[in-house]
Amino acid sequence: MSSKIQLSKEELRENKLTRDVYLTKPKSPLVVVLDNVTNSYNIGAFIRLADAFAIEKVIVCGTGALSISDKKMKKASRNEAKWVCVEYSDSTTASLQTLLDDGYSVYSVELCQASVDYTTVAYPAKSVLVLGNERKGVSEAALEMSHQQIHIPMFGMGNSLNVSTAGAIVLAECANQIRKLI
């Protein structure tokens, strides 16, 4: 009898915490702030990423994001929103100020005059990643509140990536560094 290479859903669940235990488990002190990201599929992707890396929360900022229907969000996030703390705010700067006051370091993912390669940063345990609008990027106000602007080096002809793709790349690096600190 041959066994399958791919794990079944039951096999994947064998080493997972129960849902009740997971909800009470401390998360990595990493926050994703979405600065006027308006596409429900991008927001849903960040909720899934937040679950995958067991981070503290996602803060969805801006009036456009607040109008996304629950149905679209649930479809895009595949219900991981049940396991992830998602907050909504009409002000990115107010949310960032609260995080700064709580001792978080803020990193905006945006190609800027002074941005550095995201892999060269030593992320502290309490970090915030700010990702911006699909067309306009991170707002100037959020960039000014950041400790550092970071970017993903682009070796092809394109200048940018989809916001959720860029977020996945940077979030993986940041979350893995923080996990080693705590």
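Is serine 28 buried or exposed? In the predicted model, serine 28 has a relative accessible area of 7% and is therefore buried, since buried means under 20% relative accessible area. This residue is found in strand 1, which spans residues 28–35. When residues up to four places away in sequence are not counted, serine 28 touches Phe53, Ala54, Ile55, Glu56, Ile178 and Ile182.

The setting of this residue is given by the chain as a whole. The protein chain holds seven helices and seven strands. From the N terminus on, these elements run in the order α-α-β-α-β-α-β-α-β-β-β-α-β-α. The chain has 182 residues, of which 42% count as buried. Among contacts with a separation of 6 or more, 82% are accounted for by residues 24 or more positions apart. The accessible surface of the protein chain comes to about 10,700 Å², and 51% of this surface belongs to carbon and sulfur atoms.

Serine 146 is found between helix 6 (140–145) and strand 7 (148–151). With a relative accessibility of 12%, serine 146 counts as buried, because the cut-off for a buried residue is under 20%. Not counting residues up to four places away in sequence, serine 146 touches Val106 and Ser108. With serine 108 there is also a polar contact between the two side chains, at 2.6 Å. The C-alpha atom of serine 146 is separated by 8.7 Å from that of leucine 96, although the two residues are 50 residues apart along the chain.

Charged side chains were considered next. The count of salt bridges comes to one. This salt bridge is formed by glutamate 87 and lysine 57, whose closest N and O atoms are 3.0 Å apart. Glutamate 87 lies in strand 3 (residues 86–89) and lysine 57 in strand 2 (residues 55–61), so the pair ties together parts of the chain that are 30 residues apart in sequence. Glutamate 87 has a relative accessible area of 33% and is therefore partly exposed, as this class lies between the cut-offs of 20% and 50%. Lysine 57, in contrast, is buried, with a relative accessible area of 14%.

Technical notes. Residues are numbered from 1 along each chain as its sequence is written. This is a predicted model: local features need pLDDT of at least 70, side-chain atom pairs count only at pLDDT 80 or more; totals for chains, interfaces and linings use all residues. Side-chain values use heavy atoms; hydrogens and water are left out. Helices (H or I, at least four residues) and strands (E, at least two) are DSSP runs, numbered from the N terminus. Buried means under 20% relative accessible area, exposed over 50%, partly exposed in between (1.4 Å probe, protein chains only). Contact means heavy atoms within 4.5 Å. A polar contact is a pair of N or O atoms within 3.5 Å; within protein, one must be able to donate a hydrogen and the other to accept it, and residues adjacent in sequence count only if both atoms are side-chain atoms. Accessible areas come from the Shrake-Rupley method with a 1.4 Å probe; for residues, only the protein chains shown count as cover. A salt bridge is a side-chain nitrogen of Lys or Arg within 4 Å of a carboxyl oxygen of Asp or Glu.
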